[in-house]
Amino acid sequence: MPDVNQNTEPEPDVPTGDMPSTAGLAAVIGSIAWIGVAALFFFFKPVEGGTLGLIMTGLIVLLPIALLWVAVSMSRSVRSLRDEAARLQAAVDAMRNAFVAQNKAGAGSLKPSLEKKLDEIAAAQRQTETALAMFTSRRDAAQAGPSAESKAALVAPQSGTGDEQPALALGTPAEDLRPPLSVADFIRALNFPETPEDKAGFRALRLALEDRTTSKLIRAAQDVLTLLSQDGIYMDDLRPERARPEVWRRFARGERGRAISALGGVRDRSSLALTAGRMREDPVFRDAAHHFLRQFDRTIQEFERNASDQDMADLAETRTARAFMLFGRVTGTFD
């Protein structure tokens, strides 16, 4: 049974050396005819002029024949070169097909093992980065304070500020009666629910939306994540390089530029290019992005005061923080 993968390209037709060519036959017939015509012409009209006349007669008879055979020789050379080029092309095609088939066969056997090895390396790298980030933290366990489940995520705003609504004499506002949003719920809300069955995620999101400061960031993050999804950009697909908690603290305390360049860990070129292009062309997208960056900047300033290094590291893994890294990289925040 023939192999269907075998190269079935037809071999080029190569003429053999013993087969007379059409040009050669035409040259022979033309030469004989020309000699016959010349003989008849000079038979009825003898040559005059002596030696010079004989030389001119010979050139008149022989020069067309010589030119005819030169043309035949050139035609044979051109045909030989074409046949040689066809043979070389066939050989190159055969070698290329064999090489491609060999690579496909080799890749099929090596791909699973390579993918497994890469996954193991990536997992080990993530564990190392997490351990390194915690090892280089500036706070020890004694300074960590209460746990993330009970500790307030944001520092309560100072009373008497000009942009806050003054308290009414009729009673305590409802916001003041609610317990402060915990660090764990704050981080879980910024990551948004994983699945429709993620009850803890929806609970944290509901509590975050009830908090005045956090709700602004949540809604701004929802807007930009929805707009990014229209271009096929999803935060779960991004794998940013991790930055140490101290770099996040520098940003929260107002440092900008190269001092916080490690926060620009998003390296996905297509996501960066699509986001930058839409920032230039879509004013609604651009306004939503800048509003989100402002809300993230304000919120993290309050969050950093109560957060431990582990809390900062957990915040960096949320979808909201990844969106901040993406937009910060596009807008030049980390340059």
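Does Arg278 count as buried or exposed, and at what relative accessibility? At 14% relative accessibility, Arg278 counts as buried, because residues under 20% relative accessible area are placed in that class. The model described here is a predicted one, and its protein chain comes to eleven helices and zero strands. Of the 335 residues of this chain, 30% count as buried.

**The chain as a whole**

- Read from the N terminus on, the elements of the protein chain run α-α-α-α-α-α-α-α-α-α-α.
- Among the contacts in the protein chain with a separation of 6 or more, 79% are accounted for by residues 24 or more positions apart.
- The protein chain exposes about 22,100 Å², and carbon and sulfur atoms supply 59% of that area.

**The nonpolar core**

- The largest nonpolar core has 50 residues, and those with the most contacts inside it are Trp248, Leu263, Phe292, Phe324 and Phe327.
- At least two residues of this core are supplied by each of several helices, including helix 4 (183-191), helix 7 (245-252), helix 9 (283-306) and helix 11 (319-331).
- When residues up to four places away in sequence are not counted, Leu263 touches Ala243, Val247, Trp248, Phe251, Phe324, Met325 and Phe334.

- Trp34, Ile35, Leu52, Ile55, Met56, Leu59 and Ile60 make a nonpolar surface patch of about 690 Å².
- The elements that give two or more residues to this nonpolar patch are helix 1 (22-44) and helix 2 (50-135), and the largest share, five residues, comes from helix 2.
- Leu52 has its place in helix 2, and this residue counts as exposed because its relative accessibility is 60%, where exposed means over 50%.

**Arg278 and its partners**

- Side chains of opposite charge can pair when their charged atoms come close.
- Asp231 forms a salt bridge with Arg278, in which the closest N and O atoms are 3.3 Å apart.
- This pair links distant parts of the chain, since Asp231 lies in the loop between helix 6 and helix 7 while Arg278 lies in helix 8, 47 residues apart.
- Asp231 is partly exposed, with a relative accessible area of 31%, whereas Arg278 is buried.
- The side chain of Arg278 is also joined to that of Gln230 by a polar contact of 2.8 Å.
- Gln230 lies in the loop between helix 6 (212-229) and helix 7 (245-252), and Gln230 counts as exposed because its relative accessibility is 52%.

**Other salt bridges**

- The count of salt bridges comes to 16.
- Glu304 forms a salt bridge with Arg253, the closest N and O atoms being 2.7 Å apart.
- This pair, too, links distant parts of the chain, with Glu304 in helix 9 and Arg253 in the loop between helix 7 and helix 8, 51 residues apart.
- Glu304 is buried, with a relative accessible area of 5%, whereas Arg253 counts as exposed at 54% relative accessibility.
- Both residues belong to a network of salt bridges that links Arg249, Arg253, Glu304 and Asp309.
- Asp185 forms a salt bridge with Arg188, and the closest N and O atoms of this pair are 3.2 Å apart.
- Asp185 and Arg188 are separated by about one helical turn, because they are three residues apart in helix 4.
- Asp185 counts as buried at 7% relative accessibility, while Arg188 is partly exposed with a relative accessible area of 30%.

Technical notes: Residues are numbered from 1 along each chain as its sequence is written. This is a predicted model: local features need pLDDT of at least 70, side-chain atom pairs count only at pLDDT 80 or more; totals for chains, interfaces and linings use all residues. Side-chain values use heavy atoms; hydrogens and water are left out. Patches are made of residues with over 30% relative accessible area and no salt bridge: like charges are joined within 9 Å, nonpolar side chains (Val, Leu, Ile, Met, Phe, Trp, Tyr) within 5 Å. Accessible areas come from the Shrake-Rupley method with a 1.4 Å probe; for residues, only the protein chains shown count as cover. A salt bridge is a side-chain nitrogen of Lys or Arg within 4 Å of a carboxyl oxygen of Asp or Glu. Helices (H or I, at least four residues) and strands (E, at least two) are DSSP runs, numbered from the N terminus. Buried means under 20% relative accessible area, exposed over 50%, partly exposed in between (1.4 Å probe, protein chains only). A polar contact is a pair of N or O atoms within 3.5 Å; within protein, one must be able to donate a hydrogen and the other to accept it, and residues adjacent in sequence count only if both atoms are side-chain atoms. A nonpolar core is a set of buried Ala, Val, Leu, Ile, Met, Phe, Trp, Tyr and Cys residues joined through side-chain atoms within 4.5 Å. Contact means heavy atoms within 4.5 Å.
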